[in-house]
Amino acid sequence: MDMPKVNECDVQECCYNQNKLCHALAITVGDSVDPCCDTFTTACSSKGGNSGSIGAVGACKVSICRYNMKLECQADGIIVGRTEHAADCLTFEPS
Ligand code: SF4
Ligand code: SF4
């Protein structure tokens, strides 16, 4: 199956973000309870990732999400945005 795309991310200070799109090839989401973007980083002097591709969810550790099956995301795509953490998966829904 194809990895779900990150359809939008408004955390523009992240090194992988250009014009509200994620350009990491694959992100990791979450710890056991919080759907934070684990790939988020500001530790760069210039933008990283592959500007020719859109990021996708490589793995997700939030097993309590309704879209999570065997620690992989089964959503059609996700949206990432700013919350009390630096960046969270806003598509998260508790099961
Ligand atoms: S989805 Fe995560 S890694 Fe990608 S741009 Fe947003 S915060 Fe950065
Ligand atoms: S929608 Fe759910 S399973 Fe998919 S990345 Fe977000 S928290 Fe993880």
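This is a predicted model: local features need pLDDT of at least 70, side-chain atom pairs count only at pLDDT 80 or more; totals for chains, interfaces and linings use all residues.
Residues are numbered from 1 along each chain as its sequence is written, chains are lettered from A and ligands numbered from 1 in the order in which they are written, and side-chain values use heavy atoms, with hydrogens and water left out.

**Stop 1: the disulfide**

Select Cys15 and Cys44. A disulfide here is a pair of cysteine sulfur atoms within 2.5 Å, and a search of the whole structure finds 1. Cys15 and Cys44 are joined by it, with an S to S distance of 1.9 Å. Turn the view along the S-S bond: the angle about it is -105°, a left-handed link. Cys15 sits in the loop between β1 (5-9) and β2 (17-18), while Cys44 sits in the loop between β4 (26-29) and β5 (56-60), so the pair ties together parts 29 residues apart in sequence. Strands are DSSP runs of E, at least two residues, numbered from the N terminus.

Now colour by accessibility, where buried means under 20% relative accessible area, exposed over 50%, and partly exposed in between (1.4 Å probe, protein chains only). Cys15 is buried at 4%, whereas Cys44 is partly exposed at 36%.

**Stop 2: ligand 1**

Next, select ligand 1 and show residues with a heavy atom within 4 Å of it. The shell includes Cys9, Cys14, Tyr16, Asn17, Ile27, Phe40 and Val80. By class, the shell divides into 9 nonpolar, 2 polar and no charged residues; Cys and Tyr count as nonpolar in this scheme. Cys14 is buried, at 9% relative accessible area.

**Stop 3: the core**

Keep Val80 selected. Its contacts (heavy atoms within 4.5 Å), leaving aside neighbours within four places in sequence, include Val6, Cys9, Cys37 and Leu90. Val80 is also among the residues that touch the most other members of the largest nonpolar core, which has 19 residues. Such a core is a set of buried Ala, Val, Leu, Ile, Met, Phe, Trp, Tyr and Cys residues joined through side-chain atoms within 4.5 Å.

**Stop 4: Ser53**

Finally, pick Ser53, in the loop between β4 and β5. Ser53 is buried at 18% and touches Cys22, His23 and Leu25, not counting residues up to four places away in sequence.

Technical notes. Helices (H or I, at least four residues) and strands (E, at least two) are DSSP runs, numbered from the N terminus.
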